[in-house]
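Hello,

Here is the structure I promised to pass on. Have a look first, and my notes follow below.

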Amino acid sequence: MGLLDGRVALVIGGTASDGKTSIGAAIARFLAEEGAVALPTSRNRLKVEKTVEVLHSMRPYESFPDIDLLSFDARDDQALISCCNYIEDKFGPISILVNAQGIITRYDAVATPRDQWESILSVNVLSVARSCQIVGGRMIQRRAGHIVNIASETSLRAIPYVSAYGTSKGAVRLLTAHLGCEWARYNVCVNAIAPGVIVTELNRPILEREPARLERFLQATPAQRLGTFEDLRAATIFLTTCTPYVTGITVPVDGGMSAALFAPY
Ligand SMILES: NC(=O)c1ccc[n+]([C@@H]2O[C@H](COP(=O)([O-])OP(=O)(O)OC[C@H]3O[C@@H](n4cnc5c(N)ncnc54)[C@H](OP(=O)(O)O)[C@@H]3O)[C@@H](O)[C@H]2O)c1
């Protein structure tokens, strides 16, 4: 018996090239391990296929998901609606939505090009807001559901050279609070996780180009280590099983980074 038996979870940005090493793919795995039918989506069809295969090998789907319908840009409302219709027809009502899609670029604030602001805000904020509306609207009708948005350490504190990304993640934290408050009366929980640094395809290029940056993160983390996917498991399960009285919050999973006034400890 798993804590999430019978639940259907849509994990947007839930894929990785090897099917495993991204925050969304790890979260999809944690949900499946607790018994949920976890359906990951993203733009790259190969990543979707690989991740679905990994999930299927762990916990076989009753019918193998349609990879094409799970492969879409999260900014495409119509593709998301078609995906939700397909999932609900085939697997049942979506009662868990995870928004793990995200992109980042590194620029001095003064030099960040307009198109970078636009793409970061459209993926990291607008697509999250729209999926909450589209899937959350269905949850409101059913008076049940858990939404988990992936925010970031940068939702809480500033760090150099990622002002567009940090702004987008601050918006995710506040979006989560607003929706959580507005939808509390419908038993739809909206919460977020703010991970510290976990090395993935997202940040590896930046961290490899600038090892001193990685060192500064380590120094700023009281736990004195980087995060792992496993660190996110308990927060994921908590925020997908919690009573509707837990809503609107962002849970940092960051080795104490956001709590520390001084570092290193
Ligand atoms: N890694 C960290 O240290 C860290 C820390 C704090 C917060 N986060 C946040 O955690 C989330 C996951 O990041 P990650 O580190 O796991 O990065 P990742 O490995 O690059 O994963 C990002 C996921 O988002 C998908 N994606 C990107 N743009 C998309 C779009 N327009 N439409 C649909 N899917 C899209 C990617 O797949 P496709 O390329 O196939 O679209 C992939 O599945 C992000 O929101 C990130 O900001 C990460």
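How many bridges join strand 1 (residues 8-12) to strand 2? There are five, and the two strands run parallel. Strands here are DSSP runs of E with at least two residues, helices are runs of H or I with at least four, and both are numbered from the N terminus.

Two notes on the source. This is a predicted model, where local features need pLDDT of at least 70, side-chain atom pairs count only at pLDDT 80 or more, and totals for chains, interfaces and linings use all residues. Residues are numbered from 1 along each chain as its sequence is written.

Now the wider picture. The protein has nine helices and six strands. An open sheet of six strands shows parallel pairing in the order 2-1-3-4-5-6, where a pair needs at least two DSSP bridges. Strand 2 (37-41) and strand 6 (250-253) are at the edges with a single partner strand each, so one side of each has no neighbour in the sheet.

Helix 5 (residues 114-142) packs on this sheet, touching strand 1, strand 3 (94-99), strand 4 (145-150) and strand 5 (188-195). Its direction makes about 165° with that of strand 3; angles run from 0 to 180 degrees between N-to-C directions, with axes fitted to C-alpha atoms, for helices over the stretch in contact. Contact means C-beta atoms, placed from the backbone, within 7 Å. Helix 6 (residues 163-183) also packs on the sheet, touching strand 4, strand 5 and strand 6.

Best wishes

How values were computed
Contact = placed C-beta atoms within 7 Å.
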